[in-house]
Amino acid sequence: MSDLPPNSAAGTAPLDRAGLLARLAALGIATATTEHPPLRTVEESQALRGAIAGAHCKNLFVKDRKDTLFLIVALEDAEIDLKTVHTRIGASGKVSFGKPDLLYEVLGVIPGAVTPFGAVNDVAGRVTVVLDAAMMDEPVLNYHPLDNTATTTIGRDDLVRFLEAVDHAPRILAISRAAGDADRA
C-alpha cells in the first residue's frame, strides 16, 4: 500500500492535474509540464515534436470478455495488434476498448486524455497497467497529466515508482511489434 493517503473516497471527484502534480512532488518525483492546446490524438500531438523532449506515448484502455480492465501504454508509433494482444497481457479472450463512461469512472479521465497517471484515481485497483518493453527502453517519457491541455515529462524509472506508489505495479511486457518477444516482468 502507498504511504500517501488515497486521492478520493468513493463518490468523490477524481484527482485533477494539480492533485496529480502534488502527489508526484510528494513522492520526490521530478517532472516538467508543458501547456498546449487540447490534443485528442497522437496525430494532433505530433505537432509538438521537438518542443517537448523525450518519447511520446499512446494509451489504450481495454477490457476483456470478463470485464477485466487493462491500460496498455506504448510508444506513439508502436503497432499493437488488438486481435492478439490478449495472449500477451493475460486477458480472457480478445479485448475491446472500454467505453468513455467506464474510463472516467475508473481512471478519472476522458477520451483523448488517457494516461498511466490515471492509475492514481483507480483506488479500487480495477486496472492492470501494462507498459510496453520497447517504451521502457526510453529514459524520458511523456503523458497527459489527467487532461489533454498539457504534457508531463517523467523519467522511465520514476513512472514505475509512481505506479507502484499508487498500488498499480506495472507489468512490463513486449506488446508491440517493435518490442519483440523479450518480456521484462
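Predicted model: local features only at pLDDT ≥ 70, side-chain atom pairs only at ≥ 80, totals over all residues.
The residues of α4 that are buried are L102, L103, V106 and L107. Viewed along the helix axis, these buried positions fall within an arc of 105 degrees, so they line one face of α4. D101 and E105, on the other side of the helix, are exposed. α4 is followed by G108, which has a positive phi, near 70 degrees.

Within the pairing, N59 has V73 of β3 as its bridge partner. β3 is also joined to β5 by 5 bridges, and these two strands run parallel. Here the bridge partner of F70 is T128 in β5. In β3, 7 of the 7 residues are buried, so the strand is largely enclosed by the rest of the structure.

The loop between α4 (100-107) and β5 (127-132) contains P116. The relative accessible area of P116 is 0%, and P116 is therefore buried, the cut-off being under 20%. Leaving aside residues up to four places away in sequence, P116 touches N59, L71, V73, Y143, L159, F162 and L163. The C-alpha atom of P116 is separated by 9.7 Å from that of P170, a residue 54 positions away along the chain.

The structure holds 2 aromatic pairs. One of them is formed by F117 and Y143 in an edge-to-face arrangement, with 5.9 Å centre to centre and 85 degrees between the planes. This pair links distant parts of the chain, since F117 lies in the loop between α4 and β5 and Y143 in strand β6, 26 residues apart. F117 has a relative accessibility of 0% and so counts as buried; Y143, at 2%, likewise counts as buried. F117 also forms an edge-to-face pair with F162, at 5.6 Å centre to centre and with 75 degrees between the planes. Here too distant parts of the chain are linked, as F162 belongs to helix α5 (residues 156-165) and is 45 residues apart from F117 in the loop between α4 and β5. Both F117 and F162 are buried. Through these ring pairs, F117, Y143 and F162 are linked into a cluster.

H144 is located in the loop between β6 (140-143) and β7 (150-155). The relative accessibility of H144 is 14%, so this residue counts as buried. A polar atom of the H144 side chain lies 2.8 Å from the backbone oxygen of A150.

Definitions and conventions: Residues numbered from 1 in each chain as written. Heavy atoms only, no water. Helix = DSSP H or I, 4+ residues; strand = E, 2+ residues; numbered from the N terminus. Buried < 20%, exposed > 50% of the residue type's maximum accessible area, 1.4 Å probe, protein only. Contact = heavy atoms within 4.5 Å. Polar contact = N/O pair within 3.5 Å; in protein donor to acceptor, adjacent residues only side chain to side chain. Arc of directions from axis to C-beta. Phe/Tyr/Trp six-rings, centres within 6.5 Å; stacked < 30°, edge-to-face > 60°. Pairing = 2+ DSSP bridges.
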